[in-house]
Amino acid sequence: MKATYYSLAAGLLFFTACKPTIEGDSPSKGNADFSRYVAIGNSLTAGYADGSLYKSGQENSYPAMLAEKFKLVGGGDFKQPLLPGNAGWPGPKRVLSVNPACDGTTSLGPSLYSGTFDTAGSSTNISSQGPFNNLGVPGIRCVDYTIAGYAAIAQAIGGVGYAARMYPSPTTDRPIDVAAKSNATFFTMWLGSNDVLGYALGGGEGNGTGGTLPSDISQVAAFEASYRAVADAMTANGAKGVLLNIPDVTTIPYFTTIPRNGLNLTRQGQVDSLNTAYAPLGISFSLGQNYFIIQDLAAPGGLRPIKEGEYLLLTTPQDSLKCRGWGSIKPIPKRYVLDAAEVSNVQTATTTFNGIIARVASEKKLPLVDANAYLKTLQSGIKFNGLSFGPTFVTGGAFSLDGVHLTPRGYALVANEVIRMINNFYGSNIPQVDITRYNGVLFP
Amino acid sequence: MKKIFVLSFAGTTIAATAFGGSFQLNLQGMRQVAMGGSGVAMPWDASTIFYNPGGLARLTGIQAYGSVYLVSPTVRYVPDHAGQIYYETQKHTSTPFALYVGGPIKKDSRIGIGLGIYTPFGSSADWGDDWTGMYVTQSISLQSIFFQPTVSYRINDRISLGAGFIYGTGSVEIQKAVPVQDISGKSGKASLDGKASGIGFNAGVQIRATDDLNFGVSYRSGVRMKVKEGDATFTVPPSLVTNFPDTKFSTELPLPSIFTVGASYKATKRLTVQADVVFAGWKAYDSLKFDFEKNTSALTDTRDPRLYKNTVAIRLGANYQIGKMAEVMIGGAYDPTPSDAMYLSPDAVDANRVSLSCGIVLKPVKKLDIMAALNYTTTAAHKASYTPANMNGTYQIKSLIPALGISYSFN
């Protein structure tokens, strides 16, 4: 009997000796309290992707990823205003498909999801399921945070009821009140992109030096007042948190995918007739790649070739470029173009707003994640365990099919950058997320 | 796809990140394994065909020798900044073997001949299809079998020489995930399978300086194991099939040259101690290249840097004769890794290895040796990166190898 025990013990020893023993560091919270984490922000925070909001996008939002890791250091439940399905709401999301073009070719590109619309009825208010930890509202600007009844107004004007779904009193609530009432012990705040983006996505047709409409760039004073107010509200009870600044939108695929010199002339006849037509304006063409002709009211004849540093929007109709002479015999309408002056407005505003965010961070002793600088590193490529991410549409892997928002893997990159900053600043040891666990762009 | 090569009769897969630097396997003789892998100075038995062909003519007669090793190492990977998550290679037992026939052609002849069939290199690591490093490797299996006809000549009672020609055959099987996901989120997969071959030689000298003191030197040349027409197959989403065509590939794995010097000393009538110093020319393994016959924008030839460096390993052992019927052995070795800590891929995990071993030989009847050995190899925590993939973490290898062998003398 005893001998059996001995041999058992010997056997165990035998096997344990063959098992590796190394382990990672145990997680710790440092000097922050993650028990009630709340995410403040816009579509990027909500988990918006592929041109819409849908359940799996929300489940893979960067705040959801953060919350999962915060749970290892005392974080509590993280409730999101989840949609019931994955079709996208209010409109369908985009998916990749092989699409026929007007010129008889087919190519892989985004198209609207045509499956079962499983998000119907989502305009019903679900605030009773809250309070929600993810307060990201697609479309919301920083300056909207102090507007009473924002949710109802946004629904009335834009027809988008993201806030109206989740706010307790959509007709009276100010977003800042909803944020303050969340009683966060820890928060992330990625606010301000829409104060620039609305203008840029609209081809710079709004007011580029400060207006009040969503298609304008927000006024600096209003931005600063609102940003400070939200930061004050979130820290009023001593909560700690992280601020993220505004990415430079001119590096995202929405603006960089359609090449400026995408007018490919293959026949001398085409070249000759265009040269004849444009001779009075002094514009000439040659075989091969040419700059597209764009509308510019200030140019002679109201049109000119696009220049370096200007951008064509991803939404420019491809069939019009290919088969209807857009960009050659007809100028591309200016609403599809971000011209040099508009680019300058976007970049000036981004710099100004980021300056405000940096000042607030340092005054309130909050760490700042420089999302602008980080996402620029996509230009040279970011790698993780054999995955490569770049700035290109579809193949880059980081941006979703709307060319603006991120894929779950893209959001995971952001989550890790946030975790890195939290660990640096608060002396915590929160594990990073495993980017390979999440989806990138899905191919048919 | 012919994954089975000529000598599959033994049902053998040679494998294991197990024993010896990197994918080198030092499992070619029972007594030597039990003595930390040392044995260049003494013709212990017919396995000297591998350890030092110069010893073959010093055997007392023709021997037939067979041994098999049960290798099932475990490698653990702890990713940086990932908390207490870790990954381990899946348990998988492989059985490298060594067979030898040889000795002096007749009693007291100065000439010895022999043939060795052994498995000098092998590596297998199966991390599973769905782990954090799947885009770098899912599984890899390198196998080799070397055939070494050998002649040896005893110049006088003091000095003997020997040399063998090596024909090496082997195979490589690699699987990794391709970072394109289908509509359900499932990643693509690449499978590379190929047969490899190469040639080389193994030569050595043994010197009996005194009745008790022996010296030995051996040199095994590097062998470039070439895969000429491997099969690369890809499973990817339908819309990307033309980007990843199934194609032939070629690659080359340079197995290092091994230069060994050693001495053995008969300290008492019963006790012999020995030591080897092993220089391995790993510098030849600078990069791993795959040349695909069909290239597309998505499928380009690859070149993964490895930047191996030469190493010097120390092996020590002792043999104690209990009587006419038995001997026992112990030994140990220190094997520094040839790998570069910035270029350590999880498909070839390595670290400085410490190994301890012991063994016993029983002689129930005259001429017959029954041998058993046990080797335990471990590494400390080894922090490393695979820079091309930005994969960073800490590795540890542990392995316990039991071995069995039998030898019969015809003299």
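Me: What must DSSP find for two strands to pair?
Reply: The model is predicted. In it, strand 12 and strand 15 of chain B pair in the antiparallel sense over three bridges.

Me: Which residue is the bridge partner of Thr251(B) in strand 15 of chain B?
Reply: Strand 12 covers residues 247-255 of chain B and strand 15 covers residues 287-292. The two strands run antiparallel. In strand 15, the partner of Thr251(B) is Phe290(B).

Me: Why is chain B as compact as a globular protein of its length?
Reply: The secondary structure of chain B comes to two helices and 22 strands. For 411 residues the globule rule gives 22 Å, and chain B is close to that value, so it is as compact as a globular protein of that length: its radius of gyration is 22 Å.

Me: What percentage of the residues of chain B count as buried?
Reply: A residue is buried if 20 or more other C-beta atoms lie within 10 Å of its own. Of the 411 residues of chain B, the share that counts as buried is 53%.

Me: Which strand of chain B supplies the largest share of the side that touches chain A?
Reply: The contact takes 35 residues from chain B and 27 residues from chain A. On the chain B side, strand 2 (74-79), strand 8 (159-182) and strand 22 (391-409) each supply at least two residues. The largest share, six residues, comes from strand 22 of chain B.

Me: Which residue in strand 8 of chain B stands opposite Phe443(A)?
Reply: Strand 15 of chain A (residues 442-443) pairs with strand 8 of chain B in the parallel sense, over two bridges. In strand 8 of chain B, the residue opposite Phe443(A) is Asp182(B).

Me: Which are the edge strands of the open sheet of four strands in chain A?
Reply: The strand order of this sheet is 1-4-5-12, with parallel pairing. Five bridges join strand 1 to strand 4 of chain A. An edge strand pairs on one side only, and here the edge strands are strand 1 and strand 12 of chain A.

Me: At what angle to strand 4 of chain A does helix 9 of chain A run?
Reply: Helix 9 (residues 220-235) lies across strand 1, strand 4 and strand 5 of chain A. Its angle to strand 4 of chain A is about 170°.

Note on methods:
Residues are numbered from 1 along each chain as its sequence is written. Chains are lettered from A and ligands numbered from 1 in the order in which they are written. This is a predicted model: local features need pLDDT of at least 70, side-chain atom pairs count only at pLDDT 80 or more; totals for chains, interfaces and linings use all residues. Two residues are in contact if their C-beta atoms, placed from the backbone, lie within 7 Å. Two strands pair if DSSP finds at least two bridges between them. The radius of gyration is taken over C-alpha atoms; the globule rule is 2.2 Å times the number of residues to the power 0.38. A residue is buried if 20 or more other C-beta atoms lie within 10 Å of its own, exposed if 12 or fewer, and partly exposed in between; C-beta atoms are placed from the backbone. Axes are lines fitted to C-alpha atoms, for helices over the stretch in contact, and angles run from 0 to 180 degrees between N-to-C directions.
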